[in-house]
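Got the model open next to you? Let's take a walk through it, one piece at a time.

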Amino acid sequence: MQIYLPIAEVSVNAFLILGLGGLVGVLSGMFGVGGGFLLTPLLFFIGIPPAVAVGTQSTQIVASSVSGVMAHLKRKTVDLRMGLVLLSGGLVGSALGVQVFALMRTLGQVDLLVTLFYVVFLGIIGGLMFFESLSSMRKARRRGGVVAPRKKHLWVHTWPLKMKFRTSGLYISVIPPILVGLLVGILAAIMGVGGGFIMLPAMIYILGMPTKVVVGTSLFQIIFVAGFTTLMHATTNYSVDLPLAILLLVGSVIGAQLGTRIGVRMKAEQIRIALAVLVLAVCFKLLLDLLIQPNELYSIASAAP
Amino acid sequence: MMRMVLIPLLLCLSALSAAAEQVVAGLSQNRVSITTNFDGSEILIFGAVKRESPVPDAAELDVIVTIEGPKRQVTVRRKSRVAGIWINTDAVEVDAAPSFYAVATTDPLGDVLSSTEDLRHSISIPRAIRSVGAPATIADSETFTEALIRIREKDDLYQLLEGAITLREQTLFNTSVALPANLTEGNYRVRIFLTRDRGVIDAYETVIGVRKAGLERWLFSLAHEQPLIYGLLSLVIAVGAGWAASAVFRILRS
């Protein structure tokens with residue numbers, strides 16, 4: 001069934017979009033990430049103009065994050081105070097990211113910027129997660145199934161401006177969470193992603209938050225950053241395509257529920273290793289695109305009508 | 001020698017005055033509505049040659065039909081290798097390139113149209129694109145225009161349909177042009193040329209209005225005229241859908 005998208009001005013197969021949304025939903029349910037880092041390149045691939053893909057994607061992130069955060073609120077695994085601190089950094093970062101995006105757009109280097117961001121961040125995070133999971137799996141095996149406790153004192157604990165985060169059981173400086181929020185906000189605006197794939201490791205490894213509150217808190221603040229990004233894109237670039245967003249989010253909310261069920265059957269290390277492999281695969285593919293000579297050296301960018 | 005000068009001159013005169021041969025044409029539709037399930041559209045163009053006198057014995061009659069979408073400025077960029085990676089390095093602004101362009105002819109374009117006539121009427125695809133100048137740093141600016149044509153031809157946005165027009169008894173002609181699904185809105189100019197001896201003897205012009213309709217129209221207008229309301233509407237739908245999904249699955253599970 002073909003459907004014409006009024007903002008993207010292209011005609012696409014509705015079931016293809018539903019399927020893409022579903023696929024990304026399964027992954028986000030399994031791993032607790034938004035899946036934007038996969039969906040955005042896939043949308044480019046089926047011919048959605050990049051600006052529309054990035055703008056619409058943020059709408060879909062809002063929907064899937066709301067859906068996810070509801071479940072976490074029930075289980076009281078959302079650190080609202082930490083979420084608000086991260087958010088304050090996130091909104092500033094998002095505004096900064098839009099400026100960088102606009103600047104690079106005039107220089108014609110948006111593609112390069114986005115791809116480089118993907119390669120660098122996916123590479124670092126995928127690599128770290130992969131080796132960390134491998135070593136914790138090896139340790140778990142050696143100690144007969146007991147996972148080593150994470151060390152309690154991290155370097156950020158020595159910074160000033162301390163604040164109590166009761167749900168996370170932390171008493172740390174507010175500077176690192178603001179910086180993490182800022183970084184994720186910039187990424188969200190430039191890459192059209194929620195930033196879960198960088199937020200989650202940062203919360204665990206930099207802030208030292210307990211794993212059980214990480215996903216809910218990340219989702220909570222992503223709702224607002226993605227919502228803000230949606231408004232920015234809608235008002236400055238007119239690049240939010242509502243029919244596309246609705247198709248994507250119908251697919252992804254169904255997929256997310258399936259993914260959650262697959263997720264509970266897997267061990268934490270297995271999930272982390274699978275996610276690491278996925279992240280590294282996407283990173284590798286993008287890196288190849290940069291290094292191998294493309295078939296078509298030329299590209300067309302339409303000026304705004 | 002005299003005849004070689006006279007014949008084109010006479011042809012020109014006849015074209016200027018009430019032409020001996022005139023084109024009368026019609027379209028299967030003069031408006032295209034882009035609705036939610038729009039999947040491209042086929043335009044039928046048909047017509048006849050009206051003449052007071054019998055068919056001249058001179059060169060064969062040919063017909064050319066062009067359909068041209070709204071012109072826009074585009075930027076064509078070229079990648080090259082810098083420090084091992086492929087990045088956009090050169091860019092050329094093309095001042096006005098039609099968003100869609102199709103040329104249908106009775107015979108190969110070179111056989112039915114001379115290059116001077118092409119220049120005058122901007123009929124062939126390269127002539128339909130107006131490119132004024134490239135920055136002085138780029139010597140081969142024409143390769144950018146070629147790339148633009150190559151990329152758009154691959155997407156069926158530019159079509160050269162040589163021999164696609166059927167002409168019967170040098171009088172009746174018809175052809176069809178497929179408009180692809182990824183059309184942009186605007187007025188599409190349709191031109192029909194009659195040529196003899198590679199010179200244009202008569203031309204006819206009309207317009208197809210391509211418009212978004214129904215829900216598409218409403219969403220597009222809202223997004224451009226009330227972007228804040230549109231953005232908020234998107235957010236409300238997103239939050240609502242997310243909430244509804246978790247509520248529905250909670251009920252299903254219990």
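What follows goes from domains to the sheet, then on to the chain contacts and the core.

First, some housekeeping: this is a predicted model, where local features need pLDDT of at least 70, side-chain atom pairs count only at pLDDT 80 or more, and totals for chains, interfaces and linings use all residues. Residues are numbered from 1 along each chain as its sequence is written, while chains are lettered from A and ligands numbered from 1 in the order in which they are written.

Start with chain B. Its domain assignment gives domain 1 (21-212) and domain 2 (213-254); such bounds come from an automatic or database assignment. The C-alpha centres of these two domains of chain B are 40 Å apart. Where they meet, six residues of domain 1 of chain B are in contact with six residues of domain 2 of chain B (contact means C-beta atoms, placed from the backbone, within 7 Å). On the domain 1 side, β2 (31-34) and β12 (199-212) of chain B are the elements that give two or more residues. Helices (H or I, at least four residues) and strands (E, at least two) are DSSP runs, numbered from the N terminus.

Now for the sheet. Six strands of chain B form an open, mixed sheet in the order β2-β12-β11-β4-β7-β8, and strands count as paired if DSSP finds at least two bridges between them. At the edges sit β2 and β8 (158-161) of chain B, each pairing on one side only. Further in, β4 (residues 61-68) and β11 (residues 186-196) of chain B run antiparallel over eight bridges. Which residue of β11(B) is the bridge partner of V65(B)? That's I192(B).

How does chain B meet chain A? Here 47 residues of chain B are in contact with 47 residues of chain A. The largest share of chain B's side, 15 residues, comes from α7(B). By class, that side has 27 nonpolar, 13 polar and seven charged residues. Nonpolar here means Ala, Val, Leu, Ile, Met, Phe, Trp, Tyr, Cys and Pro; charged means Asp, Glu, Lys and Arg; the others, Gly among them, are polar.

Last stop, the core. The largest nonpolar core has 144 residues, and Y118(A) and L249(A) touch the most other members. A nonpolar core is a set of buried Ala, Val, Leu, Ile, Met, Phe, Trp, Tyr and Cys residues joined through C-beta atoms within 7 Å, buried meaning 20 or more other C-beta atoms within 10 Å of a residue's own. Helix α8 (residues 211-237) of chain A gives the largest share of this core, twelve residues. Both domain 1 (21-212) and domain 2 (213-254) of chain B contribute residues too, so this core lies between them.

Conventions
Two residues are in contact if their C-beta atoms, placed from the backbone, lie within 7 Å. A residue is buried if 20 or more other C-beta atoms lie within 10 Å of its own, exposed if 12 or fewer, and partly exposed in between; C-beta atoms are placed from the backbone.
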